[in-house]
Amino acid sequence: METIKLKIDGKDVTTTKGTTILKAAKEFGIQIPTLCYLHLEDLNIENKPAGCRVCVVEVEGRRNLAPACATECTDGMVINTHNIRVLNARKTVLELILSDHPTDCLVCAKNGICELQTMAQEMGIRELHYQGEQSHYREDTSPAIIRDVDKCIMCRRCEMMCNEVQTVGALSAVNRGFMSVVAPAFEMNLDHSVCTYCGQCVAVCPTGALTEVDHTNNVIRALADPTKTVIVQTAPAVRAALGEEFGLPAGTLVTGKLTAALRRLGFNYVFDTDFAADLTIMEEGTELLNRLNRHLKGEKVALPILTSCCPAWVNFFEHQFPDMRDIPSTARSPQQMFGAIAKTYFADKIQVKRENLVVVSVMPCLAKKYECQREEFATDGNPDVDFSISTRELAHLIKQSNIDFMSLPDEDFDNPLGESTGAGVIFGTTGGVIEAAVRTAYEVQTGKKLENVDFKELRGMEYIREATIDFDGLPIRIGIAHGLGNARELLQDIKDGKSHFHAIEIMACPGGCIGGGGQPLHHGDSSIIKARQKAIYEEDRNKAIRKSHENPYIIELYEKFLGKPMSDKAHHLLHTHYFDKSKEITVE
Amino acid sequence: MATITLPASKLDQLKDVCKSFNNDKKELINVLHKAQGIFGYLPAEVQEIIARELNISVAHVYGVVSFYSFFTMLPKGEHPISICLGTACYVRGAEKVIDEFKKHLQIKVGETTADGKFSLSCLRCVGACGLAPVVLVGEKVYGRVAPDGVKKILEEYT
């Protein structure tokens with residue numbers, strides 16, 4: 001690579017040709033402020049429309065100021081990143097953005113975590129010099145995501161996530177000039193679009209334009225109702241991220257404090273979605289072996305089998321590949337398996353009527369909000385899971401309830417739905433569900449004990465991974481994809497008859513659930529997602545039991561209640577079916 | 001769920017247009033241009049078909065349709081009237097000409113008369129600045145239009 005020399009703020013700088021001014025400056029400790037720019041390095045996601053112009057710098061000899069995020073360094077360039085001309089321009093740019101932005105920051109959902117607010121603070125904006133017309137749009141509330149487009153600054157990060165990374169295509173910039181806005185087709189509401197509620201638009205939105213539907217008040221009301229028994233389940237990825245909301249470094253495991261906090265919030269029983277993840281492995285793993293063995297006997301069966309834990313992924317194929325909906329496993333997600341077992345097996349056990357049992361889930365995910373509202377997951381109008389709140393909402397709930405999180409002792413989950421294995425924990429990261437399935441499927445299929453449960457070949461952050469696992473002479477070919485755009489590639493291969501896999505794991509969010517739309521905001525720092533992944537594998541290593549089928553409470557559940565995996569009862573409670581959600585077109 | 005109630009023959013024509021551009025997503029604007037020629041406007045259903053044929057999202061198609069003022073989602077009148085608002089036409093009184101059309105037709109810019117006969121729109125520069133202000137009715141160009149000439153133009157079509 002060609003090396004070039006330039007000057008940034010009087011310092012001699014050497015960099016490689018093609019490097020942007022922003023990156024070259026960063027390497028030398030100069031942080032040029034950015035707003036629309038987003039770079040998740042480890043995930044290879046970049047948004048640089050050079051639209052906001054906050055990152056402008058002066059390049060000597062150039063007539064106008066240059067956007068640092070999109071201007072490449074050239075040999076001999078002399079750059080000033082903070083002289084008076086640059087500072088004035090940057091302030092003007094920011095004030096113009098603010099002139100068409102509501103100033104109700106105190107009551108905004110993003111108060112304190114808004115990148116626009118932080119920037120206004122850092123730039124010392126104390127007065128708005130530009131007063132003029134403000135754009136107004138109606139608010140759009142879907143089952144999971146709220147669009148408050150008055151707060152949109154047209155950074156187009158959401159559009160990039162929705163189209164380039166996820167290839168969902170729900171959002172696009174529409175209209176022109178002052179009227180331009182990011183919206184679904186025909187400016188319809190999200191719930192009339194192909195949106196999967198993956199929440200990646202929310203995860204990257206710098207302002208309050210995209211936020212989750214907040215269910216914390218529903219939870220508070222349920223907890224205050226003396227006629228209700230309220231139980232909670234918490235997903236694996238939550239324990240690896242919640243600490244960030246309380247100032248702990250990314251990747252700090254807070255399982256014990258999380259459990260203690262939930263108990264102090266007043267939940268009657270504090271359970272673990274990981275238990276249901278173990279249950280998922282029993283059902284999904286059995287289904288996998290079932291299809292595999294029939295395939296080996298020469299029967300025509302749908303292979304590869306695709307995992308079905310991720311609700312955004314389910315929404316995705318229902319909308320975009322409805323003709324392939326016999327391929328994914330029929331196993332419900334762990335959230336819904338938990339709800340179904342809680343409202344039958346557990347409700348009977350504690351002698352509480354279904355309608356008096358409230359099941360709350362804490363999820364790293366926004367699509368889970370939609371999933372628990374699906375009609376097929378309710379009995380006589382009573383949902384299996386009543387409310388799903390995100391990791392961020394739980395942090396708010398803890399703060400509102402006067403709980404000093406940092407001083408909490410480590411506590412354990414309750415039984416019987418709180419015991420889990422290392423296999424359940426790794427559901428929180430890309431590669432984890434299939435690794436958990438392999439740990440159980442190997443032993444069931446071969447009848448041999450698996451000595452080393454660490455399948456390192458299934459781990460990592462590469463978007464599409466593949467590995468062949470030796471099932472005692474039988475090679476099992478496994479594919480993994482995270483990010484819906486990558487899932488689309490594998491799905492298209494299946495459609496074209498080019499896929500050679502037996503099983504494929506898919507998670508909608510980059511990184512898997514650890515990078516979910518309900519997690520603490522990463523603000524463009526992908527090392528946070530990597531740290532969470534490390535924490536998940538650490539939790540797995542620390543578990544006494546690491547294979548789902550060895551979970552004693554799972555064994556008991558089958559003995560006393562379900563019979564065996566894929567039994568009629570298991571089928572009724574733990575499996576589902578999928579719908580064609582593509583648009584019907586009839587021609588007259 | 002969109003229910004399409006467009007004539008099947010026109011629909012085939014639309015699919016042929018897409019095919020003539022090799023169903024290439026980069027040709028979206030050209031496809032939309034031809035589609036508007038077939039239907040007179042670009043209703044949601046037409047955009048959905050184009051999205052499917054070119055393998056792009058409907059949101060993206062709508063993004064392009066809503067960006068360019070040439071594209072319309074409302075059916076145009078039998079005689080679409082376009083008034084040039086380019087710099088030359090504007091300084092020579094195009095705005096007064098618009099006002100006169102609005103008064104006579106009792107519609108706003110972007111609307112169509114109740115009988116479906118006329119629709120009113122604005123455009124920027126047709127490249128006939130020497131004739132400013134310029135008005136187009138269908139394909140026919142009228143130059144040096146004064147407000148008191150508006151009535152006469154409309155009478156040609158009634």
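In which sense, left-handed or right-handed, does H1(B) pass H3(B)? The crossing is right-handed, where clockwise or anticlockwise describes how the near helix is turned from the far one by less than a right angle, clockwise being right-handed.

This is a predicted model, in which local features need pLDDT of at least 70, side-chain atom pairs count only at pLDDT 80 or more, and totals for chains, interfaces and linings use all residues. Residues are numbered from 1 along each chain as its sequence is written, while chains are lettered from A and ligands numbered from 1 in the order in which they are written.

Select residues 8-20 and 44-54 of chain B, which are helices H1 and H3 (DSSP runs of H or I, at least four residues; strands are runs of E, at least two; both numbered from the N terminus). The two helices pack at an angle of about 35 degrees, with axes 10 Å apart (lines fitted to C-alpha atoms over the stretch in contact, with angles from 0 to 180 degrees between N-to-C directions).

Next, display the side chains of B:Leu14, B:Lys15 and B:Cys18, which meet B:Val46, B:Ile49, B:Ile50, B:Glu53 and B:Leu54 of H3(B) (contact: C-beta atoms, placed from the backbone, within 7 Å). Six of these residues are nonpolar, two are charged and none is polar (Ala, Val, Leu, Ile, Met, Phe, Trp, Tyr, Cys and Pro are nonpolar; Asp, Glu, Lys and Arg charged; the others, Gly among them, polar).

Move to chain A and colour domain 1 (3-98) and domain 2 (100-125 + 137-212), whose bounds come from an automatic or database assignment. Their C-alpha centres lie 25 Å apart, and 16 residues of domain 1 of chain A are in contact with 17 of domain 2 of chain A.

How values were computed
Contact = placed C-beta atoms within 7 Å.
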